[in-house]
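I opened a notebook page for one structure.

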Amino acid sequence: MTRYQHLACLLSDRIEQGLYRGGERLPSVRTLSIEHGVSISTVQQAYHLLEEKQLIVPQPRSGYFVATRKATPPVPALTRPVQRPVEITQWESVLELLSSRNSGNVLQLGSGMPDLTQPTLKPLWKIQSRMAQKQDLGQLNYDSLLGVEALREQVARLTIDSGCQLTAEDIVITTGCHEALSVSIRAVCEPGDIIAVESPTFHGTMQTLRGLGIRAIEIPTDSVTGISLEALELAFEQWPIKAVVVVPNCNNPLGFIMPEARKRALLALAQRFDAAIIEDDVYGELAWEYPRPITIKSLDMDGRVLLCSSFSKTLAPGLRVGWVAPGRYRDRVLHMKYIGTGSTATQPQYAVAEFIRLGHYGPHLRRMRQVYQRNYETFNCWVRHYFPCGICVSRPQGSFLMWIELPEAFDAVRLNTELRALNIQVAVGSLFSASGKYRNCLRLNYGLPINEQTEQAIARLGAAVEKAMQACHIETEQASSLTD
């Protein structure tokens with residue numbers, strides 16, 4: 001962290017703690033320079049960073065003042081899903097979300113797309129171009145079912161940062177993380193089995209379970225500490241649960257990082273009931289903390305954890321390069337991959353392996369973490385400013401997704417229909433539930449460009465939310481009066 005970033009962080013903390021209140025004049029540039037023993041340009045850079053985050057506003061010839069903001073909304077409370085195995089629904093809503101991806105005139109505020117505009121991706125384009133010019137027939141041919149060895153070696157090295165000690169032989173390359181999850185689920189379950197999932201959780205996992213005829217039991221999940229181990233233990237005692245699917249690092253959609261002690265406790269619980277853990281770590285490398293959080297797989301001594309990830313969120317989803325470290329289920333995973341897609345596309349694997357080998361991946365990750373963290377601060381300010389009171393907002397610890405909880409009577413599905421006229425779409429909360437819960441919630445992507453168009457879209461969304469909340473209030477009052 002540079003000096004100006006450290007100073008900006010210090011001033012930001014003072015603002016959040018109320019030491020500098022809304023509308024209050026901040027110390028002058030010269031005063032802070034003397035107080036902290038830094039140059040005037042360092043203070044100016046710190047103030048500029050805080051101005052970008054909309055924490056302060058400049059006043060000509062008067063200095064800098066704390067921006068007047070609404071109070072920080074509380075985080076969502078522990079979720080309370082129906083705790084019994086259910087058949088999964090919501091496919092039509094998921095299909096609608098996917099179908100609108102390529103609609104150029106619709107701003108996807110709730111998509112799971114990373115930022116593809118950063119200059120640190122340029123070496124990847126050059127690598128792909130060079131490979132095409134070589135016309136190496138090996139890149140157009142089938143490769144091993146395991147995947148390109150050069151890539152598996154690089155992936156194994158990358159997992160060291162998450163605490164793992166894997167080799168290339170421990171890795172199976174897949175067509176994105178989605179296939180990694182799919183082959184993992186099929187490797188440990190049969191149709192009619194039961195899997196425990198966080199609630200809310202990734203809609204792709206839900207629809208995979210639906211397609212395989214597997215029932216899901218949703219476990220209450222805290223937006224700070226993750227899946228409730230107490231509720232999961234009760235579920236294990238009551239139902240023959242074959243596996244638990246979790247996203248413990250930079251959770252989608254809540255954004256939390258599960259504390260290490262709870263990761264250990266989750267693994268112990270799975271060992272006690274002899275269940276597999278399918279760990280989705282697709283966002284783990286985008287954690288803002290350093291070093292990045294460990295995976296549950298790094299604690300696994302008996303091979304029961306299937307670690308799934310990909311380069312879809314850190315590089316680009318169009319590459320369709322993912323991987324799984326399946327542990328004791330390796331042979332079964334390979335069979336499921338063979339009967340599903342067979343070999344993964346070869347050329348993208350070589351391109352990603354070369355991108356990592358040449359040292360481009362680390363700088364790219366560092367830049368994306370900084371971009372997403374800065375974007376989150378801006379989006380958080382916009383949500384506080386443009387959304388009405390009475391909402392709860394998650395506080396992500398990485399990635400580019402945030403979860404907003406509205407009053408219980410609110411219908412985000414109906415809101416999304418009304419937003420079509422504004423060429424805006426959000427991801428409604430019911431997509432992330434097996435039983436269609438969380439209609440009063442929505443997911444936002446703060447990886448979008450920070451510009452006037454995005455701010456205007458958030459402003460329109462906030463106005464639509466406020467209007468819908470007022471309508472909800474009126475409908476509730478009318479229903480109450482009829483009952484009386």
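The entries below follow the order in which I looked things up.

**Entry on Ile257**

I noted before starting that this is a predicted model. I looked up the place of Ile257 and found it in the loop between β8 (241-246) and α10 (260-272). Is Ile257 buried or exposed? Its relative accessible area is 8%, and buried means under 20%, so I wrote down "buried".

I then listed what Ile257 touches, leaving out residues up to four places away in sequence. Among its contacts are Val224, Pro248, Cys250, Lys263, Ala287, Pro293 and Gln397. I also checked Ile257 against Arg130, 127 residues apart along the chain, and their C-alpha atoms are separated by 39 Å.

**Entry on strand β13**

Next I went to strand β13, residues 401-405. Four of its five residues are buried, so I recorded β13 as largely enclosed by the rest of the structure.

Which strands pair with β13? Strand β12 (residues 392-393) runs antiparallel to β13, and two bridges join them. In that pairing, I found Cys392 opposite Glu405. Strand β16 (residues 441-445) also pairs with β13 in the antiparallel sense, over five bridges. There I found Met402 with Leu444 of β16 as its bridge partner.

**Entry on salt bridges**

How many salt bridges does the structure hold? I found 15. I looked at some of them one by one.

Asp274 forms one with Arg304, and their closest N and O atoms are 3.3 Å apart. Asp274 lies in the loop between α10 and β9 (276-280), and Arg304 in the loop between β9 and β10 (305-310), so this pair ties together parts that are 30 residues apart in sequence. I compared the two ends: Asp274 is exposed, at 55% relative accessible area, whereas Arg304 is buried, at 4%. I also noted that Asp274 and Arg304 belong to a network of salt bridges with Asp302 and Arg328.

The side chains of Lys297 and Asp300 meet in another salt bridge, at 3.8 Å from N to O. Both of these residues are buried.

My last pair was Arg439 and Asp411, with 3.0 Å between the closest N and O atoms. Arg439 lies in the loop between β15 (427-428) and β16, and Asp411 in the loop between β13 and α14 (412-419), so the pair ties together parts that are 28 residues apart in sequence. Arg439 counts as partly exposed at 39% relative accessibility. Asp411 is partly exposed too, with a relative accessible area of 21%.

How values were computed: Residues are numbered from 1 along each chain as its sequence is written. This is a predicted model: local features need pLDDT of at least 70, side-chain atom pairs count only at pLDDT 80 or more; totals for chains, interfaces and linings use all residues. Side-chain values use heavy atoms; hydrogens and water are left out. Buried means under 20% relative accessible area, exposed over 50%, partly exposed in between (1.4 Å probe, protein chains only). Contact means heavy atoms within 4.5 Å. Two strands pair if DSSP finds at least two bridges between them. A salt bridge is a side-chain nitrogen of Lys or Arg within 4 Å of a carboxyl oxygen of Asp or Glu.
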